[in-house]
Amino acid sequence: MTIPKNTICLWYDKDAEAAARFYAETFPDSAVTAVRHAPGDYPSGKAGDVLTVEFTVLGIPCVGLNGGPVFKHNEAFSFQVATADQEETDRYWNAIVGNGGRESECGWCKDRWGISWQITPRTLLEAMAAGGDEAKRAFDAMMTMQKIDVVTIDAARRG
């Protein structure tokens, strides 16, 4: 058993396994690698309940902890997924929003468990890295969007 040096721990009420399986089905280089059951009763569960789920999302090691309803996710943490084109952007966006999630602004959406995702086409990231007027035009275009529209960002980049 290899234990990563750094793992993202995500707190869930009781749905860590469902969330991990959804991520594994939705994103490449993602998998559920272990499901651990509680050896005894704990504040939000009983012996034998799923306590933790080890998984990867796009190659990033994570653990989902079924810690109960005490803590909620917010936008202070998000996964940013760099997409190659509109097709990939649409696929991930639609999977998240269409599975009980909700749209937000500027390429952000939340899955049904409250985890925030930034579905960000590479063209937008490249425009921001370019700086100057190109970045400003792309940024201004992005500020009017929910899901990022690649054609509109590309047009803004060109001026």
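R21 is partly exposed, with a relative accessible area of 37%. This description rests on a predicted model. R21 forms a salt bridge with E17, and their closest N and O atoms are 3.0 Å apart. Both residues sit in helix α1. They are 4 residues apart, about one turn of the helix. E17 is also partly exposed, at 25% relative accessible area.

Side chains of opposite charge can pair when their charged atoms come close. A search of the whole structure finds 7 salt bridges. The pair E17 and R21 is one of them.

## Salt bridges between separate elements

K110 and E75 meet through their side chains in a salt bridge, 3.1 Å from N to O. K110 belongs to strand β7, and E75 to the loop between β4 and β5, so the pair ties together parts that are 35 residues apart in sequence. K110 counts as buried, at 10% relative accessibility. That value falls under the 20% cut-off for buried residues. E75 counts as partly exposed, at 42%.

E126 forms a salt bridge with R157. Here the closest N and O atoms are 3.4 Å apart. E126 lies in helix α3 (residues 122–130) and R157 in helix α5 (residues 150–158), so this pair ties together parts 31 residues apart in sequence. E126 is partly exposed, with 45% relative accessibility. The contact is part of a network: salt bridges that share partners join E126, E134 and R157.

## Strands β1, β3 and β4

Strand β4 (residues 60–66) pairs with strand β1 (residues 8–12) in the parallel sense. This pairing has 5 bridges. Strand β3 (residues 50–57) runs antiparallel to β4, and 6 bridges join the two.

Which residue of β4 is the bridge partner of W11? It is L65.

β3 and β4 form a hairpin with 2 residues between the strands. In that hairpin, L58 takes a positive phi near 50°. I60 is placed in strand β4. Its relative accessibility is 35%, and I60 counts as partly exposed. I60 and W113 are 53 residues apart in sequence. In space, their C-alpha atoms are 18 Å apart.

## The four-stranded sheet

An open sheet of 4 strands has the order β5-β8-β7-β6. Its pairing is mixed. β5 (78–83) and β6 (102–103) stand at the edges, each with a single partner strand, so one side of each has no neighbour in the sheet.

β6 pairs with strand β7 (residues 108–110) in the antiparallel sense, over 2 bridges. In this pairing, R102 has K110 of β7 as its bridge partner. K110 also takes part in the salt bridge with E75.

## Loop residues with positive phi

D29 is found in the loop between α1 (16–26) and β2 (31–37). Its phi is near 55°, a positive value in a residue other than glycine. C106 is found in the loop between β6 and β7. The phi of C106 is near 60°, again positive in a residue other than glycine.

C106 is buried, with a relative accessible area of 19%.

## Pocket and surface patch

The largest pocket has a volume of about 190 Å³. Which strands each supply at least two residues of its lining? They are β3 and β4. The lining includes E54, F55 and T56. It also includes P61, C62 and V63. Also among the lining residues are M1, T2, I3, P4, T7 and T33.

Elsewhere, M128, F139 and M143 make a nonpolar surface patch of about 270 Å². F139 lies in helix α4 (residues 132–142). F139 is partly exposed, with a relative accessible area of 34%. Patch residues need over 30% relative accessible area, so F139 passes that cut-off.

How values were computed:
Residues numbered from 1 in each chain as written. Predicted model: local features only at pLDDT ≥ 70, side-chain atom pairs only at ≥ 80, totals over all residues. Heavy atoms only, no water. Pairing = 2+ DSSP bridges. Patch = residues over 30% accessible without salt bridge, like charges linked within 9 Å, V, L, I, M, F, W, Y side chains within 5 Å. Areas by Shrake-Rupley, 256 points an atom, 1.4 Å probe, with all protein chains shown as cover. Salt bridge = Lys/Arg side-chain N within 4 Å of Asp/Glu carboxyl O. Buried < 20%, exposed > 50% of the residue type's maximum accessible area, 1.4 Å probe, protein only. 1 Å grid on protein atoms, 1.4 Å probe; cavity = no way out; pocket = protein on both sides within 12 Å on 5 of 7 lines; lining within 4 Å. Points joined across faces, edges and corners; volume = space filled by probe spheres on them.
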